[in-house]
Amino acid sequence: MYLSKEEEAILDGERGEGPRIAMGILAKVGDMYGAKRLIPVESAHVVESSYQLTGDSGIEVFDKLIEAGARVSVPTTTDPCAIDFERWREFRIDEGYAHKQIELANRIVRIGCAPTWCCTPYAHANVPKFGDHLAWSESNAVAYVNSVVGARTNRYCAYLDSMAAIIGKTPEFGLHLDENRRGTVVVRMKGISELRDEDYPVLGYYLGSELGNEIPVIMDMPKGANPDRLKALGAAGAAVGSLAMYHIVGLTPEARTLEEALGGDKPRDVVEFDRRALESTREKMCSASGGKVDLVATGCPHASLGHIQRLVRLMEGRRVKRGVEFWVSMSKYMERLIREMGYLDALTASGIRVIADTCCNNAPLRQWGFKTMVTDSGKYAYYAPTNLGVDVALTSLEGCVRAAVEGEL
Ligand code: F3S
């Protein structure tokens, strides 16, 4: 990969050890992927904020970076941690574990990252615009900004995101390039005139599980897609597969027409998505079929204000049944907002717990001994059987409320 004189100088250590380490890694990755050059990024979003993901090695890596004088050079936000910093005791997290997470978080902030601890940076705190190059990890965020915003990022991995943040550049490969953003498979909606909230994660799961590394172009999409629905679609597809970008003809910014979405090429395949595919995919996503509910979880990806307002309305005059846990995950700044708006009190009064800075996937929660989980999130539905050891029922937010109030599926 070509390096400018200035980049060579960084590689030679003229700007210090931290940038030298970061540039060395970026140069190697660039060579590996056949990138021709480095390009500037507007921002980064890093996932190594979760101690659940990094373990002690995360603390060691950031100790080395701090010692080497590394600092991020572009706005950099952070993914959820493994604990709610205020409520970890309430969530039965081991004290030693919580302190390790706090140590890791402190180090990440010391290199200049913003302590957002949130997986929807595109909604607030780190909002990209069309055409921006980014170095983001967090698969739901990558799918969202590539597809819905038209910003450009690969699915970065832990630490590579930080290296790009330190240099403020990334090798130009993958989804940074026009030719790799074109749709490759057309997905035609057949006999589907309406999609409800709970259908979007199912469609996403279908795309992620059936289409491998292809970039889907969805045609004849029913009206009604909104940011929360597209967020749910991308999160499910990116969790179960490698979905990093999709187009919806007439809706997403690089797909004003089918021709534009395909970049003038012929699709490798055309598949039909009908009611049968929708229902059989939904079935695959559910392992629980009935009986007592232990945990109801929503807010994956982290809940938007609109989602929380709907939840508050649905819970009006109702209460979570004794013996059932109902958790909603969100960022700490969303929590601050809903506290001031009175929604936090309303949620708490109805028996719902807010879990901020983290989520059911990032926090170690097996000690709760849950057996059955109900969720409206395709991403939770995919990870919870492994992470929490539960059977999962996927439903709507209304279905979540019903299950929490009745305690039964
Ligand atoms: Fe976010 Fe956790 Fe879901 S990181 S996307 S709430 S699994």
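Just after helix α7, G168 takes a positive phi of about 80 degrees. The model in which this residue sits is a predicted one.

Helix α7 is mostly covered, with eight of its eight residues buried. They are L160, D161, S162, M163, A164, A165, I166 and I167. A residue is called buried here when its relative accessible area is under 20%.

Next comes the sheet. Three strands form an open sheet in the order β3-β2-β4, and their pairing is parallel. At the edges lie β3 (76–78) and β4 (134–136), each of which pairs on one side only. From one strand to the next, the twist averages 10 degrees. Helix α7, which spans residues 160–167, packs on this sheet and touches β2, β3 and β4. The direction of the helix makes about 150 degrees with that of β2.

In general, strands of a sheet pair through backbone hydrogen bonds, in either a parallel or an antiparallel way. Strand β2, made of residues 43–46, pairs with β4 in the parallel sense over three bridges. A44 has A135 in β4 as its bridge partner.

The model also holds a ligand. Which residues are around the ligand? They are P80, C119, E138, N140, G299, C300, P301, C359, N361, N362 and K379. Sorted by class, this shell has five nonpolar, four polar and two charged residues.

Note on methods:
Residues are numbered from 1 along each chain as its sequence is written. This is a predicted model: local features need pLDDT of at least 70, side-chain atom pairs count only at pLDDT 80 or more; totals for chains, interfaces and linings use all residues. Side-chain values use heavy atoms; hydrogens and water are left out. Two strands pair if DSSP finds at least two bridges between them. Helices (H or I, at least four residues) and strands (E, at least two) are DSSP runs, numbered from the N terminus. Axes are lines fitted to C-alpha atoms, for helices over the stretch in contact, and angles run from 0 to 180 degrees between N-to-C directions. Contact means heavy atoms within 4.5 Å. A residue is near a molecule or strand if one of its heavy atoms lies within 4 Å of it. Ala, Val, Leu, Ile, Met, Phe, Trp, Tyr, Cys and Pro count as nonpolar, Asp, Glu, Lys and Arg as charged, and the others, Gly among them, as polar. Buried means under 20% relative accessible area, exposed over 50%, partly exposed in between (1.4 Å probe, protein chains only).
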